[in-house]
Structures are given as structure tokens and as C-alpha cells.
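Colleague: Could you walk me through this model, one topic at a time?
Modeller: Gladly; here it is.

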Amino acid sequence: MSVPRYWREIPHHFRLVGTVCKNCGEAFLPPVKKCQKCGSEDLEEKEFPRVGKVLTYSIVYAIPRGFKNQKPYPIALIELENGARIVAQLTDCDLTDIHTGMLVEAVFRRITSYGERGIIKYGYKFRPIMEEKPDQE
Amino acid sequence: MRKVYISGVGMTKIGAHWNQSLRELFAEAAKKALDDSGNLTPEALIVGNMSAGELDNQANLGAYLASYIGLTGVAAFRVENACSSGGAAFHAGYLAVASGIYDIVLVGGVEKLTETPTAITTAALAEAADQEYEAYFGASFTTLNALVMRKYMEHYNVPYEKIANWPLLMHENAANNPYAQLPFKVSKETILKSPVIADPIRLFDCSPTGDGAAAVLLISEDKLNEISMDDRVVVAGVGMATDTLPLGHRESLLTLNASRIAAEKAYKMAKITPKDVNVVELHDAFSILGIISLEDLGFSKQGKGASDLENGKFSRDGEIAVNSSGGLKARGHPVGATGVYQIAEITLQLKNAAEKMQVDNAEVGLAHNVGGLGSAVSVTILKRER
Amino acid sequence: MKPKEDVGIYGWGGYIPRYRILSEEIARIWGDDKNRIISGLGIKEKAVAGPDEDTATLATEATLNALKRANIDKSYVGAVLIGSESPPYAVKATASTVAEAVGLPRHIIAADLEFACKAGTDAMISVIGLVGSGMIKYGIGIGADIAQGAPGDALEYSAAAGAAAYVIGPKSKDTVAYFEGVTAYVTDTPDFWRRPREKYPQHGEGFTGEPAYFRHIISAAKTLMEDLGLKPNDFNYAVFHQPNGKFPRRAAKKLGFNEDQIKFGLLTPRIGNTYAASTPLGLAAVLDMAKPGERILAVSFGSGAGSDAMSILVQDAIEEKRNLAPLIESYIKRRKVIDYGLYVKFRKKIDIIDYME
């Protein structure tokens, strides 16, 4: 990925900035130029809520380049509190604990970096909401 | 709009063709299609390909291929619609002849996927997904299909054992296909035990990566009369549609809306309903897409695709013969070429020339080609004309 | 030292990764006597950062937690300084990434600081200066590290990962505590160092004790107490830099502090040495439970060598801010034990070839 391309996406990848339709309230991440639901072009950029639930998920074993040391990893389709649905990696959880409907919260993590020379790419991932009771070993 | 016919087809076997470059592979298919058509000279070449830029560093495919096969000078261009590049190229070719601007158009598809390291090929195929919001996070193309598969299985309560009937049928069919990449039967157990690629998708739910090329010659009625063919195959209906690229922007993960819309358009144009279709080549890049497509194309009710499959509705001697070629799963999926393979296969069925794959009384055929996860779909309906 | 205007803490926050490796597991691999190691170092297990974590991501979560407690208008933050010896880049400040990730304004002083394990307190004290001088309203001082010990070396048992952040501003009724005074003590003592192209540090083994850790901690602490006219029993808590479970106890004893005073801020036995986050995290754990009116001594130590000592007095506002972010104990209790193989994979102590060329 080119440097400018990475840089452009920083607000979206770092702080979950998406677009919300001022007319009907539908929320989109990635952002859109025209509301898919009502067709309005009156959209505003906003930081999206950082809590959501897992709609569906998969555990990835055949990985694309850049993700070797994270393999295997879960990818989920998550519905945020404002209705936006986004694809993201899950992290900080046992693969066997993942289930549809799981509540998750956004965290800022390292996504990948190419080798030891290129830039490091950061972005959002989601982890199970930290509970009061501790993990069992 | 005037009628458009298919006069000849050509396909190469799908596999790892390390001895053949992209243009050599294409030339093989093109020659067959042209020989099959009494050696007419096309006025245009339209070719579908997804990854030559990424994996072969080759752009400019229109001129590149045209000049290699002795068509220097003709109108030529490449069409890209991810895995439905072939179907989209066919769509363009159809429009070219139907409009009256061209009389003879060679439509082809070619793809080489076996010469780069797996991780690089995977990344190239993932270009069908949203780079900044899906591929960026490590979601391979298979992963996105896995999200759909889990959602479907949970929603309709369909166990994996039922989904596994798909690759079972595909392999059974491919055993009769001389062009197939994997022309052999497999046992249900092999499928159920195959390694997990992106849970719940297993190895045998995924179409293999291979090199291949296919070509069909599109021709106007007048030109066809000049070479006077008997068993004629006419393009009866076409439909194309798209859907959102980010998966999260979809209204439903249980259906490919673009398939529904494209199919509706094609059915309407051909003046038929799903019941009238005899042979189908649909886009089963993954088992789950095969099953969902049965429903989207109107052959099964929503959620019933796997049951109908289990009951034999779609076997070669069933109500509708689906993917008698072995489909993407076993015939293979050289992405940009697949859509053209489908057209070629249906054409051979309708001309009664499908040999061991032949379905009896094939009068109406449907080809269904999907790009990305249902983000761009081409549906083509062909009819036999006596 | 203290600024002209009193400066306090508006919010504090920490972060500790989820994974743990037991000392006995490391001992198993290297053929060490696990009982000697555990009793000698006083470390049962250490926190290991996951494969998708680095100093920037640790610092970001700690800072988000601190901001939750601070409850201030972010647009008045004028500085973010991070102390670390494991920044993700050798050149490209972690501070800018953290600023962007937490959504700070553009007109900020931002930089990375290095002084081994005291860089975190250096960041905090520098921010105190910026606030106390009236140059900025609020500033954020962070200590964060993902420390690496050479495979098979003694430091492998303790080199851990963590971060703590402090939102600092003018003392007010909204500050949870304020700084009564600070002192530093620095000499050129090469007890532990790392040259630029080396992956792992070198250390002087026993030399890291008396001439390094103890000399600087004791000097800084004594001088601070003298300057402020305070004695050990004026403090409710003492947090010392904690490279293992033993040194802080010895330092406490030498200075006249007892076990009850140091136990709440001593985290290393359960999470290892978080380097630049060591003292800041210990302080955060104390703030998680301290009551208004209580006094805290926090003394860091950075190899090379130096100590920062701070005296902090807790205020009323701490009660209502405590539960606005996860407690350090919640992070400590959130644990997943891994084996040495996963440890090595996560922390890339082996060459991982991502794909064939």
C-alpha cells in the first residue's frame, strides 16, 4: 500500500471516522458520498461508537501476505451501536470463545508492516468487552 | 436490437500451464473458437482478465493478445470485473454485435494464477474486496465468503454435511469434462475432512487456482447465414447488475442481490421463467455461493438450496442440470476466463456437442458469472434455434 | 523542584497486554532451576504483548483511559510526550501516532524521550514544566515499553510490556492529586545499554545493583524528602522502579519504608518489569485505591543512569474519577498463559518469513 493511501485513511482507521446521513441517520464505514438508504447527499463525518456486536465471523488460516505472525486470526462482521456494519479482525480472545452476538469493543492495534523497512500500518481491531471477572487460565 | 449468435467456442484444459505464457494460452483457445466457426475473421476482440497486471505485470491486453493471434488492427480491449471479467466481456461483445456496429466479435477470457507464490496470488484475488476496509485488515476473499457461509448456516439451520453435497456433485460432473482441472470424483469423507481455509470454509469448498483460456465467437444473423450452421445458439437474454462493494453495506448476507436483479433482467428479455431453463453454469467460487445462487437464480426457494441439492434436483439427470461441467469447484476458476468457459459449455450443450457431459434435451441454458462477493454479476440466457 | 503554579493529575490510565509467560516455562526451556529463579527474582510471570501490539498501541490505550478519567476538553491539550526504549520506529515519533489515535489537536508539543526505564517519569515531569510555566493548559506524559530480553538471558524473565499515561494540568478541584515536588539524580553509570543495531541490551549483571539502582533511587528519594521536610512515615505509599520483586523491597528498607507502604504499587511479581511504564504503572495502581489526603512517593530509575522522585498528594476528586476507566487490577487479572513457542512467535524472536519472493 502506498504511503499517501495509508495516510489518507488515518482518521477512519485510527478513530473510526465514518459518514452519517443527516437525513435518515444511516451510518457508513467506509464513508460514502451519497446515502444508500435515502439518496441524500447531506452526510457528515463522525467518530463512530467503539462498541458493537459480532454478526458473523470466520477464522482465517490461508492468509494474505503481511499477516504471518498473527495466523490464525478471526475476522468478523461487526454491527456498531449506530447500526454501521464493518469488517474487522478480532483480537485478544480465544478462538473457541468467539460466537455470533458477542459484544466487542474497538482497540487500536498494529495491522501489519511489510518486512523491517516499510511503514507500520495501524488501525482498529475489536476485542471482547473487558469484563469485571478475570479470565480463567 | 438484432439477434446475436454464438458460432464457435474454444477452451483450454485448466491447470498449471508453466510452458505457456498468457498470450500462448489465449491463442490456443482463440484458435479453437475460430476453427469452430469456419475461420471467420473477427472485427473486434474483447477479453476478460483480472490479474495480469498484478501477477504478470502486463497491461494493454487488448492489443497484446490481438497482435499475437494475427488480429493486428482490429478494435480490441480488456474488460475487468474481478471474477466476472469473462461474463462482462461477453456482455460487451453482445452489445457490440446487437448494436449493429460489429458483425463478428471474438470474446475471450484468459488468466494465469499458478506462477506466483500463494500469498501473492491470494492478495491479487483479494483485490476484488475493499482494499482499505476489508483486505487491509487481513480479510482474504475466502474469509468474506466464510462470513456469508456462517451467517447462512446459522440462519437457515443448514449443517455443513448438507453444504458438502455441492463439491460432491461438482466433482462427479467434472469427471466427464476433458477440460476440467480436477476431473475426478471425491468421497464425502474427503470433503468433510479437508483442511479448514477460513472457518467454516474447507479446502473442498473452494475453487482451485489454475491457468486457463476460453473464447467464443459472436456473430450476427447475416454472417451466420453465410456459413450456414444448423444447430444455432442465440443469445436470448442478458442481464448485469452490481451491489455494494463493502460487505458491511449489504442489506443481507443471505442473498446476492445483484444475481437476482441480473437474472430478472435476463429472464425478462428472454421471455422465460426459471422453470424453462434446462442447463445452468453458475458461479460456485465457494460451495456456499453455489447454494445461494440456486436460490438467487430462482431454482430453489430461499434457504432450500441445500435441501433441493440433496434431493437430486440439480444432478445431470435431475430437473435442472446445474454445472455439468463440474463448475468452478472442479472444472476450475481461472477467474477472468470463467465467464467465457460458462458460455462455451452452455453452447456445446445446446448444440448437442457436450459429449460425456451432455444433458438430454437441452434447449435453454443459463450462465451466471459473479465478480467479487456478488458485487458485479452477469447473467446470460442462450437458446437453441433449429 | 516545583513549578511556580501547582500542577496536578486530571486523569491516569494504564494498559497491560493479555498474555503471560510463566517464569517456570522460561526456566524449562533454558534448563534453569525454576525455584531459584522465582525466589531469586520474585517474578512469577510477566506480561507479553500480542503480535498486533507495539509501544504505540499500548500507549494509546493507556492514554484513552487517562482521558476518560480526566474528562477534559481535548482541544486544550498542548503536549504529549512519551518515554520509551522500544519505540516502533527509530526515527518517526511515537508521540505523533498516539496523538492521532486519541484525537488530540494539531498545535501540540510532541516528542519521544529516552532514558531507559525512567523515560516515563521524564515525560511526566517535562509536562509538569510545560503546564507549570503556563505555556500549556493540559499535557499528557506517558511511559510505555515492550521490553525484550535476549533469549536465555536473565533479563528474559523480567522484560515485560505495559504503559501508563497521565493527563496533567493546573491544580484545581478537579485534579485527583497534585505534585508537591520533584527531584532528579543523574550520573553517567553504564549499568545497562543497547547500541543502535543490536536487538537486545547488554547489562553489567551485579553492577546494576548498588552503583546503579540503589545509589540513584536512594539519592533522589532522600534529597526529595529533605527538600520537602518529609519523612518516610509521612507517606502512605511508596512506588519504586521495579526491575524485579526484590530490589524495590531492599530500597524501601534502606530508606525506611515498610512492606505495607510498597505492596500496592509493586506489580512486577505478577506482570514483570514494564521498563518506562514500571514506576508510572505502579503509581497508577496506587491511585486506583488511594484516598484523599494520602501522600505517595514515586521514584523511578533509568539505567545509564538516573532517578526521578516525586511526592504526590491525593485530592478529593479521585473518588469520582476512579471508575471511569479500567483499574490496573482488571488488566492484571485479564490473563492468558502462553508457552515459550507462542512467546517467540508473538515477539518475533525468530525470523518469520512472510511469503516466498
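Colleague: What percentage of the 386 residues of chain B count as buried?
Modeller: A word on the source: this is a predicted model, where local features need pLDDT of at least 70, side-chain atom pairs count only at pLDDT 80 or more, and totals for chains, interfaces and linings use all residues. Residues are numbered from 1 along each chain as its sequence is written, while chains are lettered from A and ligands numbered from 1 in the order in which they are written. A residue is buried if 20 or more other C-beta atoms, placed from the backbone, lie within 10 Å of its own. For the 386 residues of chain B, the buried share is 63%.

Colleague: Thanks! Which radius of gyration does chain B have?
Modeller: The C-alpha trace of chain B spans about 55 × 45 × 40 Å along its principal axes. The radius of gyration is taken over C-alpha atoms, and the globule rule is 2.2 Å times the number of residues to the power 0.38. For 386 residues a compact globule would have a value near 21 Å, which agrees with the value for chain B, 19 Å.

Colleague: Which two domains does chain B have, and how many Å separate their centres?
Modeller: The bounds come from an automatic or database domain assignment. It gives domain 1 (4–116 + 209–232) and domain 2 (138–207 + 236–385) of chain B. Taken over C-alpha atoms, the centres of domain 1 and domain 2 of chain B are separated by 23 Å.

Colleague: Which element gives the largest share of the side of domain 1 of chain B that touches domain 2 of chain B?
Modeller: Counting residues as in contact if their C-beta atoms, placed from the backbone, lie within 7 Å, 38 residues of domain 1 of chain B meet 34 residues of domain 2 of chain B. Helices (H or I, at least four residues) and strands (E, at least two) are DSSP runs, numbered from the N terminus. Strand E1 (4–11), helix H4 (85–98), strand E4 (104–111) and strand E7 (212–220) of chain B each supply at least two residues of that side of domain 1. The largest share, eight residues, comes from H4(B).

Colleague: Which are the edge strands of the open sheet of 10 strands in chain B?
Modeller: Two strands pair if DSSP finds at least two bridges between them. The order in this sheet is E3-E2-E4-E7-E1-E8-E12-E11-E9-E10 (chain B), with mixed pairing. Pairing on one side only marks the edge strands, strand E3 (75–79) and strand E10 (321–322) of chain B.

Colleague: And in E12(B), what is the bridge partner of Arg232(B)?
Modeller: Strand E8 (residues 232–242) and strand E12 (residues 376–385) of chain B run antiparallel and are joined by 10 bridges. Within E12(B), Arg232(B) has as its bridge partner Glu385(B).

Colleague: Now chain A: which residue of E5(B) is the bridge partner of Val60(A)?
Modeller: 27 residues of chain A are in contact with 31 residues of chain B. Strand E4 (51–60), strand E5 (73–80) and strand E6 (85–89) of chain A each supply at least two residues of the side that touches chain B. Two bridges join E4(A) to the antiparallel strand E5 (residues 196–199) of chain B. There, the bridge partner of Val60(A) is Ala198(B).

Colleague: Last one: which residue follows H4(C)?
Modeller: Helix H4 (residues 94–102) of chain C is mostly covered, with seven of its nine residues buried. Among them are Thr94(C), Val98(C) and Val102(C). After H4(C), with a positive phi near 80°, comes Gly103(C).

Notes. Two residues are in contact if their C-beta atoms, placed from the backbone, lie within 7 Å. A residue is buried if 20 or more other C-beta atoms lie within 10 Å of its own, exposed if 12 or fewer, and partly exposed in between; C-beta atoms are placed from the backbone.
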